[in-house]
Amino acid sequence: MENNRPEKNQKFTQPQKSKTALFIIVGFLAVIIMTASYFLFAINDSTSSSVKAAADIGQKVNYSPNDKLQQTIVESKVENGKAIVTTLSTVKDKKFIWTEYKANGKRIPLTAFIQPDGKVMVAVSYCEPCKGETFHITGNQIVCNVCGTTWDLQTLKGLSGGCQAYPPDALTYSLNGDNLEIPQTVLDAWAPRV
């Protein structure tokens, strides 16, 4: 048997190398990564509903806090696999429209309105918990005509009422000439959230 006693003794009597510097560097990098991730996801999560807007009227809109702007009923049509919700000129003129998609055994109430920043929002005109299909605008709020729940007109963030978690469901649409269009496949696949 070899005499390894001096080597073994040296292992236990030598001062251990400190790993403090390594832990500090790893901790610092972890904090940087977590902070960067937070800001990256916070920016992506906080996008307003305007992101879905393809049309912009080029100016801001101020709605009266004293008046109720009701939806104007317009006809929609389906052509070449696309639902033409309305035209940009109609939305510019009326500011807030209501229509419905009827095809392939589906009926979906739709709305389009100008947000305070001038972008045009197209959404399903449906307050899902209370089943309300019509809304009005007062100031910078959209209000369900059935339950009175209010949402911020720009972000669709709930402000008051029982259905705050279910604002009109914003839809991605395209602007084709003057037409605001949504593929029929998108509307055929749409289902209430509750």
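## An exposed aspartate and its partner

Aspartate 93 has a relative accessible area of 54%, so it counts as exposed, the cut-off being over 50%. This comes from a predicted model. Aspartate 93 forms a salt bridge with lysine 94. Their closest N and O atoms lie 3.7 Å apart. Lysine 94 is partly exposed, at 35% relative accessibility.

Glutamate 133 is partly exposed at 24%. Arginine 107 is partly exposed too, at 41%. Both belong to a network of salt bridges that also includes Glu100 and Lys102.

Lysine 119 and aspartate 117 also meet in a salt bridge, 3.9 Å from N to O. Lysine 119 has a relative accessible area of 29%, and aspartate 117 has 27%.

## Aromatic pairs

There are 3 aromatic pairs. In one, the rings of phenylalanine 96 and phenylalanine 113 have centres 5.7 Å apart and planes at 85 degrees, so the pair is edge-to-face. Phenylalanine 96 lies in strand β5 and phenylalanine 113 in strand β6, 17 residues apart. Both are buried.

Tyrosine 126 and tryptophan 190 form another edge-to-face pair, at 6.4 Å and 80 degrees. Tyrosine 126 is in the loop between β7 and β8, while tryptophan 190 is in the segment after α4, 64 residues apart. Tyrosine 126 and tryptophan 190 are both buried.

Notes. Residues are numbered from 1 along each chain as its sequence is written. This is a predicted model: local features need pLDDT of at least 70, side-chain atom pairs count only at pLDDT 80 or more; totals for chains, interfaces and linings use all residues. Side-chain values use heavy atoms; hydrogens and water are left out. Rings of Phe, Tyr and Trp (its six-membered ring) pair if their centres lie within 6.5 Å; planes under 30 degrees apart count as stacked, over 60 as edge-to-face and the rest as tilted. Helices (H or I, at least four residues) and strands (E, at least two) are DSSP runs, numbered from the N terminus. Buried means under 20% relative accessible area, exposed over 50%, partly exposed in between (1.4 Å probe, protein chains only). A salt bridge is a side-chain nitrogen of Lys or Arg within 4 Å of a carboxyl oxygen of Asp or Glu.
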